[in-house]
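Here is a short report on one chain and its contact with a partner. Please look over the structure first.

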Amino acid sequence: MRKRGIAVVLVTGAVALAGCGGEEGSSTESANGEWQPDGDVEVAVGAQPGGGSDILGREFAAAYEEMSGVTAVVENYDTVAGVLLLKEEPGLGEIIGVGNTSNMIVRPIEQDLGYTWEDFTQLAIVAEDVSYLVSQAGAFESAEDMIEAAKAGGVTVGQVGSGAGDTVVADQVADAFGITFQPVVYEGVAM
Amino acid sequence: MIAGDIDLAVLEPTEFLPQVEAGEIDVLLSTGNKPALHEALADVPLASDLGAEEPFVTQVRLFFGAPDLSEAQEQYWVDVLTQWSESDGYAAYIEENALTPQLITGDELDTYISESVETLAGE
């Protein structure tokens with residue numbers, strides 16, 4: 001990381017010099033204001049290989065390499081470390097983070113992680129991974145049936161703990177229909 | 001849940017589609033704001049169909065850059081991501097992972113995130 005920090009200072013210096021010299025621009029930002037990465041790009045995934053963020057990071061990196069001819073290297077980090085990494089690199093365009101509702105919105109509200117979404121340059125939401133309420137086959141006839149059962153009390157919902165997107169979604173469903181679920185906390189996916 | 005220890009789980013499609021196809025689980029309710037494209041999910045009722053008034057904050061997948069990127073740097077990545085979202089490869093990614101396609105950038109993106117934060121912080 002130290003190495004990357006030095007590179008940032010040098011690039012910034014180049015831009016400042018170019019500014020003094022007129023409209024020549026630096027090696028990475030041309031006179032008409034267009035910018036290109038200077039060397040390889042890192043796609044930072046704040047998740048271990050195999051999950052939704054990792055799949056997205058790898059799909060995008062492969063497509064980007066094909067589109068641009070620039071090499072894109074995917075790196076996996078722990079959730080919070082993968083976000084904080086970018087916070088330490090202001091102005092560095094050669095790194096792009098893969099985020100989601102959990103790590104960018106929900107978790108920073110629930111605890112102090114050392115960042116909020118406003119610390120970063122948010123680029124694009126590219127997909128929605130909708131949550132569904134699922135049950136054992138035949139447990140309920142329909143969603144209405146489940147809501148009626150929950151009104152009577154005693155419908156249990158498996159949760160993987162505070163801060164996970166599914167907890168937030170279960171709370172929103174309960175609020176929307178004026179019902180209460182009995183949470184049962186599980187490790188990992190509640191299947 | 002399949003063992004009957006709990007009644008419900010809140011899951012994303014990649015976590016449960018094989019069990020739907022095996023007939024082990026039923027999909028009762030979508031918290032999405034529009035019907036899914038995936039055929040196993042297309043007919044699942046939306047929460048709004050059943051009278052939920054506020055749109056739900058669901059799991060979005062996004063890209064973000066370092067703090068204080070220049071306008072040119074930001075525009076570069078927004079252009080790249082926009083171009084990718086229009087490609088066949090993107091469509092295949094969405095379909096394989098049973099996702100809902102979205103592209104939200106610029107001021108609209110900041111509005112979306114700040115409203116989500118407001119909604120969740122209020123709970």
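The notes below cover the model, the fold of one chain and the interface.

## Model and numbering

This is a predicted model: local features need pLDDT of at least 70, side-chain atom pairs count only at pLDDT 80 or more, and totals for chains, interfaces and linings use all residues. Residues are numbered from 1 along each chain as its sequence is written, while chains are lettered from A and ligands numbered from 1 in the order in which they are written.

## Chain B

Chain B has four helices and four strands. These are DSSP runs, numbered from the N terminus: helices are H or I with at least four residues, strands E with at least two. Their order along the sequence is β-α-β-β-α-α-β-α.

The C-alpha trace of chain B spans about 55 × 40 × 25 Å along its principal axes. Of the 123 residues in chain B, 42% are buried (20 or more other C-beta atoms within 10 Å of the residue's own, with C-beta atoms placed from the backbone).

## Interface with chain A

The contact involves 79 residues of chain B and 76 residues of chain A. Two residues are in contact if their C-beta atoms, placed from the backbone, lie within 7 Å. On the chain B side, α2(B) gives the most, with 11 residues.

Strand β3 (residues 95–100) of chain A runs antiparallel to β3(B), joined by five bridges. Strands pair if DSSP finds at least two bridges between them. Gly97(A) has Phe64(B) as its bridge partner in β3(B).

Note on methods. A residue is buried if 20 or more other C-beta atoms lie within 10 Å of its own, exposed if 12 or fewer, and partly exposed in between; C-beta atoms are placed from the backbone.
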